[in-house]
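Morning, everyone. Please look at the screen while I talk. I'll keep this short.

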Amino acid sequence: MAARGLGHHIGGAHEGGDLAGGHHGGHAGHAGHGGGHGGHGGHGHGGQHGGAASHGSHGHASGSKLDGKLLSLLSPRVIFSFLVGLGATGLLAGSVLSGPLLAGAALAGGILFERFIVTPIWNFLFRFESRAGLTLESAVFDEARAVTDFDRQGQGLIAVDLDGQVVQLLGTLTADDRSMGVRVRTGGRVRIEEVDSVRNRCVVSYLGE
């Protein structure tokens with residue numbers, strides 16, 4: 001569609017590109033000659049080297065951000081959306097425009113189509129992406145409730161809320177709480193200190209009623 005939208009004008013643009021490439025190639029020798037004298041710039045002072053290093057670090061950070069933006073433009077979705085918009089605009093405007101005007105209108109149409117039509121739809125659809133489910137390990141230091149009275153060994157069932165789902169597991173009081181004779185009743189508040197997801201158990205400390 002993109003090729004049909006631009007039609008034979010692509011060929012003219014290609015020839016112009018070859019001419020431009022030949023023009024720049026003609027100056028390659030001069031660029032190489034200039035680069036040969038670059039070694040004389042190494043005789044600077046320490047302060048100058050420090051400033052150059054700082055400037056280089058800042059330039060590297062800016063370059064990384066620029067590279068990230070350029071890579072995002074090379075994604076298949078962006079390229080496909082741009083080409084669809086370019087081809088559609090070229091086909092629609094081909095009856096009233098020609099030459100460079102048609103090429104410019106097609107390019108603008110491709111950019112606008114991707115930016116203001118496809119991207120908003122894409123972002124809207126990603127709002128419904130499901131989140132990863134929480135695991136028992138994520139409940140460490142969370143507060144839970146005792147479902148049963150704890151026995152003399154300091155063990156009992158507790159319930160914890162994991163992303164809207166109530167999960168029950170066997171809780172065991174910490175050694176300090178057991179040594180002090182702490183008794184946990186049904187409905188008592190405990191804090192999860194450690195989790196054994198394989199055996200569905202955890203170590204808890206008593207917080208109170």
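Let's start with F141. This residue lies in the loop between helix 6 (99–126) and strand 1 (143–146). Remember, we are looking at a predicted model. Is F141 buried or exposed? F141 is exposed, because its relative accessible area is 59%, and the cut-off for exposed is over 50%.

Now the backbone. Most residues other than glycine have a negative phi. F141 is not a glycine, yet its phi is positive, near 75°.

There is another case to show you. N200 is not a glycine either, and its phi is positive too, about 60°. Where is N200? N200 is in the loop between strand 4 (189–196) and strand 5 (201–208). That loop belongs to a hairpin: strand 4 and strand 5 form it, with four residues between them, and N200 is in the turn. N200 has a relative accessible area of 33%, so we call it partly exposed.

How many bridges pair strand 4 with strand 5? Seven, and the pairing is antiparallel. To find one of the pairs on screen, pick I192. Opposite I192 stands V204, in strand 5.

Strand 4 has another partner. Three bridges join strand 4 to strand 1, and these two run antiparallel as well. Here, look for E143. E143 stands opposite R191 of strand 4.

Next, strand 2 and strand 3. Strand 2 covers residues 155–162, and strand 3 covers residues 165–173. Eight bridges join them, again antiparallel. I158 has its bridge partner in strand 3, and that partner is L169.

Now put the strands together. What do the five strands close into? A barrel. The order goes 1-2-3-5-4, and the pairing is mixed. On average, neighbouring strands of this sheet are turned by 50° against each other, ignoring direction. One general point for when you look along a strand. In a regular strand, side chains alternate between the two faces of the sheet.

Last stop: helix 6. E114 sits in this helix. Is E114 buried or exposed? Its relative accessibility is 11%, so E114 counts as buried; the limit is under 20%. Which residues does E114 touch, leaving aside neighbours within four places in sequence? E114 is in contact with R77, V78, S81, F82 and T119.

So, to recap. F141 is exposed, N200 is partly exposed, and E114 is buried.

Conventions. Residues are numbered from 1 along each chain as its sequence is written. This is a predicted model: local features need pLDDT of at least 70, side-chain atom pairs count only at pLDDT 80 or more; totals for chains, interfaces and linings use all residues. Side-chain values use heavy atoms; hydrogens and water are left out. Buried means under 20% relative accessible area, exposed over 50%, partly exposed in between (1.4 Å probe, protein chains only). Contact means heavy atoms within 4.5 Å. Two strands pair if DSSP finds at least two bridges between them. Axes are lines fitted to C-alpha atoms, for helices over the stretch in contact, and angles run from 0 to 180 degrees between N-to-C directions.
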